[in-house]
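How do the copies in this model sit against each other, and how do helices pack inside each of them? The paragraphs below take up helix packing and then the relation between the chains.

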Number of protein chains: 2
Amino acid sequence: MKAIRFDGSLRFAVDVPVPRREGEALVQVLCAGICKTDLEIVKGYAGFRGTLGHEFVGLVVESPDEALIGRRVVGEINVGCNRCELCLSGDSRHCTGRTVLGIKGRDGAFAEFLSLPPRNLIEVPDEISDEEAIFTEPIAAACQILDQISISPSSRVVVIGDGKLAQLIIRVLAQTSCNLTLIGKHRRKLELASVAVRHLFQIRDRAEPASILKQVGGEKFDVVVEASGSPSGLPLAISLVRPRGTIILKSTHHATTPVAMSPVVVDEISIIGSRCGRFHRALALLASKAIDVRDLISERIRLDQGLHAFDRAAEPTALKVILEASGENFC
Amino acid sequence: MKAIRFDGSLRFAVDVPVPRREGEALVQVLCAGICKTDLEIVKGYAGFRGTLGHEFVGLVVESPDEALIGRRVVGEINVGCNRCELCLSGDSRHCTGRTVLGIKGRDGAFAEFLSLPPRNLIEVPDEISDEEAIFTEPIAAACQILDQISISPSSRVVVIGDGKLAQLIIRVLAQTSCNLTLIGKHRRKLELASVAVRHLFQIRDRAEPASILKQVGGEKFDVVVEASGSPSGLPLAISLVRPRGTIILKSTHHATTPVAMSPVVVDEISIIGSRCGRFHRALALLASKAIDVRDLISERIRLDQGLHAFDRAAEPTALKVILEASGENFC
């Protein structure tokens, strides 16, 4: 089958075996989204080798659980050992023996077919289109913030970053009616965010944290969500958060960040890493149209033009680039 | 009066005016302790200029609250504006307009006299000696951890560092009966810690985090307390904490730390800065002899030998060096 593989360099392959794993379902990929993590893996993050991709919607073509066959599904990307304490408590996201679709020890979704256990697959309600369904995984990741900390209508929250994940985070956080600010570098992306955010600030490249704090009004925030994907995001977050405030770290990147940690100690700041979330909440937001993602799609490109799609996704102005699995399966 | 001042370089002065502030009490310092923060200030941390020192015990000689006069006291080091929301709620420790004794905008305790508002002063019970009372402030800082997170007898906790603060932290954490491990570099200091900790590991200079994890048994910890005062402490803490675990950051230092933050995101780790605590809890631990600090005193040196005392306190094998305020006021 066709697939986008990474083995130290990115390549499009046509001779990849269909991935059948014992006890798992085979899913025909309808379409898939390129995420910042995919771009980071190509730069060396996570040391992954294999078929990339973890945001997808597909049709189940084989499954030990026959009720799934023919269903249109999205899939939880973490596959736990199903034996350890974490897995048995229903959270395989932190199982130390886990594989992760297209990220760790398991071929991913930029292919005609992928394999996942039936327990990872969730049927997509009819109200959600294929291209909307691709956003289930990153919306779930955005929703995870609300499972980790409490945000109320009186909370002053700032999101750093205006990319794909940041755009979903502000749409999710706006559901709490909190006092929400967005800081980004790209005028067009900031404009897109105006559906969810009243306070938008465009900052210059290499602007100093102190001048950015001044630009946003000088008052520090209860919660800072770092979703810029840039090593400069954390030092900026530390400058923007109030004493005893909380920083949510959403960005993964392959870089080492030089950070002055003393303000974290002196101001007793909490920094909380945040990754994957539960899919059901994300599907409910999409099905009810509480969150509209259609304006976040930059482009749709066929799988066999995958290398070109990666180039496009890496452009600073790009939002979600969708890979269509084959000529027959358009989103 | 005599005082140890820092004005870009450390010096002993004999002509420093007695610090009288309106509405405040004047305290004759009996003795004071040199802390890692003092050593960091001399290296440039916090940009402080003035009389150093914030761990002290003294006698109130003047006070608008006359009931305090003649009392033997310790003092909360943060002096808030007493008007803002934080101050009015009883927590001036994070008041943005605060001064901090010997650290920020306020002359400190390495002097014959210091000034603090009466509300900052707490009488020392007779059961506590002068030299024990000096430990009130750092024990309160150690107790702050228990105000920030929940530690139970089943918690696996590791403290990184075997210095003065780490020694107090393990004595405080041992009160919870948690499963406690200490990692340090100095054999003699590790031996001192054996009063509170069963699992002690001496690590080599520049040992890699992965090899240290192996050395301590390979199993990660629920809670890691970083109290080494070294820029390498945070990367080590990240390597030692389990997914969804907590790192308590206790060290302040003037260095910028290069940190790979992706594991914090992927494993959803919480990093919580932790600074000053409430004095009453610390005084209760000292008065009840639940915590013994006497073996943590390296040396007692007269104030006029203060520069020598700083040299001694900076030696890797040193623990608490106590400054005696004058020839007449021995601890």
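For what follows, an axis is a line fitted to C-alpha atoms, in the case of helices over the stretch in contact, and the angle between two axes is taken between their N-to-C directions, running from 0 to 180 degrees. The model is a predicted one, and the helix pair to look at in chain A is H4, residues 136-148, with H10, residues 279-287, whose axes come within 8 Å and cross at roughly 110°. Since angles of 65 to 115 degrees count as roughly perpendicular, H4(A) is therefore roughly perpendicular to H10(A). The crossing of these two helices, H4(A) and H10(A), is right-handed.

On the side of H4(A), the contact is made by A:Thr136, A:Glu137, A:Ile139, A:Ala140, A:Cys143, A:Leu146 and A:Asp147, while H10(A) contributes A:Phe279, A:Arg281, A:Ala282, A:Leu283, A:Leu285 and A:Leu286.

In chain B, helix H4 (residues 136-148) and helix H10 (residues 279-287) have axes that come within 8 Å and cross at roughly 110°, which makes H4(B) roughly perpendicular to H10(B). Here the crossing of H4(B) and H10(B) is right-handed, and the residues that make the contact include B:Ile139, B:Ala140 and B:Cys143 of H4(B) together with B:Phe279, B:Ala282 and B:Leu286 of H10(B). The contact of H4(B) with H10(B) divides into nine nonpolar residues, one polar and three charged.

How much area do chain B and chain A bury between them? The size of an interface is often given as the accessible area lost when the parts come together. For chain B and chain A that area is about 2800 Å², of which 54% is on carbon and sulfur atoms. Of the area that chain B buries against chain A, 21% is supplied by B:His94, B:Val265 and B:Glu268, more than by any other three residues. The contact draws 36 residues from chain B and 36 residues from chain A.

Note on methods. Residues are numbered from 1 along each chain as its sequence is written. Chains are lettered from A and ligands numbered from 1 in the order in which they are written. This is a predicted model: local features need pLDDT of at least 70, side-chain atom pairs count only at pLDDT 80 or more; totals for chains, interfaces and linings use all residues. Side-chain values use heavy atoms; hydrogens and water are left out. Helices (H or I, at least four residues) and strands (E, at least two) are DSSP runs, numbered from the N terminus. Angles under 35 degrees count as roughly parallel, over 145 as roughly antiparallel, 65 to 115 as roughly perpendicular and the rest as oblique. A crossing is left-handed if the near helix is turned anticlockwise from the far one by less than a right angle, and right-handed if clockwise. Contact means heavy atoms within 4.5 Å. Ala, Val, Leu, Ile, Met, Phe, Trp, Tyr, Cys and Pro count as nonpolar, Asp, Glu, Lys and Arg as charged, and the others, Gly among them, as polar. Buried area is the accessible area (1.4 Å probe) that two parts lose on being put together, summed over both.
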